[in-house]
Amino acid sequence: MPDPRKLGIGALIVALLIVLPMMISSSFALSVMNQIGIAIIFALAFNMLLGQGGMLSFGHAVYFGLAGFVTAHVINGMHVDAFPYIPVTLIPLVGGIAGLFFGIVVGFVSTRRAGTAFAMISLGFAELVTGLTLIIVFFFGGEEGVQTDRWVREEWFGITYGPDIQVYYLIAAWCVIAAILMYALTRTPFGRMSNAVRDNPERTQFIGYNTHRLRWLAFALSSFFAGLAGALHAINVEHVGFETVGLGQSAVILIMVYIGGTGHFAGPILGAILITLLNAYLSDVSPAWYLYLGLIFVLIVMFAPGGLAGLIMMHEPIRRTAPYLLWQMAPAYGAALGTSLVGLAGAIGLIEMIYFRSTTVSLDSALVLYGIELDTGDIWPWLICAALGAAGGYGCKMTYPRVAEAYSAAMHEARALVTT
Amino acid sequence: MTPAIEFRGVQKNFGPTEVIRGIDLVIQPGEIHAMIGPNGAGKSTLFNLVTGRYHVSAGHIALNGEDITNRAPHDISRKGLSRSFQVTNIFHRMSVYENVRCAMLWNLGYRYKFWQSVRNKRDLTERTDEVLAQTGLSSRSTVLAGLLSYSDQRALEIAITIAGGANVVLLDEPTSGMSSAETEQAVTLIRDISATRTMVIVEHDMGVVFDLADRISVLVYGKIIATGTPAQIRANTKVQEAYLGTDAEP
């Protein structure tokens, strides 16, 4: 019997997914939501490996991208009657099966060893497949990639997948189904033993499990869901390029999942939403977007290895026992946030001015930042930004220990409440 | 009666170093058999050979009459032999309950199933509760294994070892690093679980060994110099010379 509270939250999410596009009219926002849905499936699939199974892959986009290519070819084949007709609604399953197939084949080799060997082999396969995209032109379409047209014929209820809104609902529906399935998987004997092999492969053998089989199964199932996401990507943008199997794509998913948090099921969802949003909106605002992404990633790895979900879940014991303690912590957190923002404002100012000076060809030396026009030829903006950065940095040094104190004090009090 | 474990001419070399130099030994079903011997005598190596962690260089090992020489560890485990480790070897990031439940999944037939939940399965729930109660861990079932105290981790180590229902159990220094009160508890637990199982124990605490064991084998430099009841071993002059009299372990 499922937990009624979880059912309630689930129903709320589904309702939100249904009404969200009705409240948003911009087609750009809709396309961002489509990307988020695809990223969530891919991120959850990736975390089946990294978070659940303890396998760090540098090339999981291979299964995402290959499934995308297969999907594009299947749809194109249906247009010329070379393939039997499958409703486009169900085409993501074709991508999933393609991902599963490649996952089974490659996984058999790569999951023999865990740890560094696995990571290196995944990197090798990513390079190998990227190389193949320029060699097997009839499949990968070379540098142009493969175009497709998702409007095959009218399906149930007159759906054609012509309008973007229909694709949105397709992605949303598959996203919910895939998330539920992947969550259910964590509770099966396979899911539990996947955690066991992550924690202690040696002991896993001595309780009767073949560790290679366990990793292989995890790899294959993860590739299935990565393939599902890849198929939706092909349907969404109606084009699959060689970059979808590449290292860049693999790195982005790794960064998303890590920033969101590998230790909690919802972590990758958080990461996928946040990074896709930032990518969509920040990459237009700042040419230094990748620098910021790298910076966030490094900070998370260094100071919050549990990711955002880990940071949130740290407070769960306090919230559960005595929510009012969270309010007591608020001033310390607020002060830390304030100093961080000041420091960040300074750092961003410096970075943006450096970028502006090094990329702008025109003689115009004015940069618009925070709605203010800055003359980068003048010394004052540099000095002010440097001062802000230094002040913020110094402030953080004072406020961060307060956060740690407030947290441990609250935890202490919560613990005392539990034991009495 | 078919021996629980039978060693026939078992040897193990690491490069030119002979660690096990020809072992012939029969472990009878139902007995508690202790292995003693100075550090480096090859006791742990012998465990690693039986459980498939190392390959033997020569000779044969049989479990319940079936040859298991050089089989994979998971294979041997499925045939009903399980072991604990000298250095605690548990699933640190999983709860105590989850540790114990995972340890019985294979033997209760759950294998690699990915289409059925482990929740609300009566056989799993009942058996997990039973093992937790037996090892005194019931009150700690929701705690992360990595956060347990040392002696609780040792108890969990044994819980994982017996959870799968193996009929032959190997314990590698189950009381190492324990206080005398904790050791006493551990001895009670070991005696309790030995009621239905064959047990082989490597142990440095002579009090524990002579208290628990039905028979004792003395291993010195990769060879067994004597096997017998505690009384026989105590009276054996070879053992006294080689081990007990001269450099008894504290």
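The legends below describe close-up views of a predicted model.

Residues are numbered from 1 along each chain as written, chains are lettered from A in the order in which they are written, and side-chain values use heavy atoms, without hydrogens or water. In this predicted model, local features need pLDDT of at least 70 and side-chain atom pairs count only at pLDDT 80 or more, whereas totals for chains, interfaces and linings use all residues.

**View 1. The two domains of chain A.** Chain A is divided into domain 1 (12-304) and domain 2 (315-419), with bounds from an automatic or database domain assignment. Between them, domain 1 of chain A and domain 2 of chain A bury about 450 Å², 68% of it on carbon and sulfur atoms, buried area being the accessible area (1.4 Å probe) that two parts lose on being put together, summed over both.

**View 2. The interface of chain B and chain A.** The contact (heavy atoms within 4.5 Å) draws 35 residues from chain B and 27 residues from chain A. About 2,800 Å² is buried between chain B and chain A, with 58% given by carbon and sulfur atoms. B:Phe91, B:Tyr112 and B:Phe114 supply 25% of the area that chain B buries against chain A, more than any other three residues.

**View 3. Salt bridges between chain B and chain A.** Three salt bridges are counted between chain B and chain A, each a side-chain nitrogen of Lys or Arg within 4 Å of a carboxyl oxygen of Asp or Glu. B:Glu157 forms a salt bridge with A:Arg203, their closest N and O atoms lying 2.4 Å apart.
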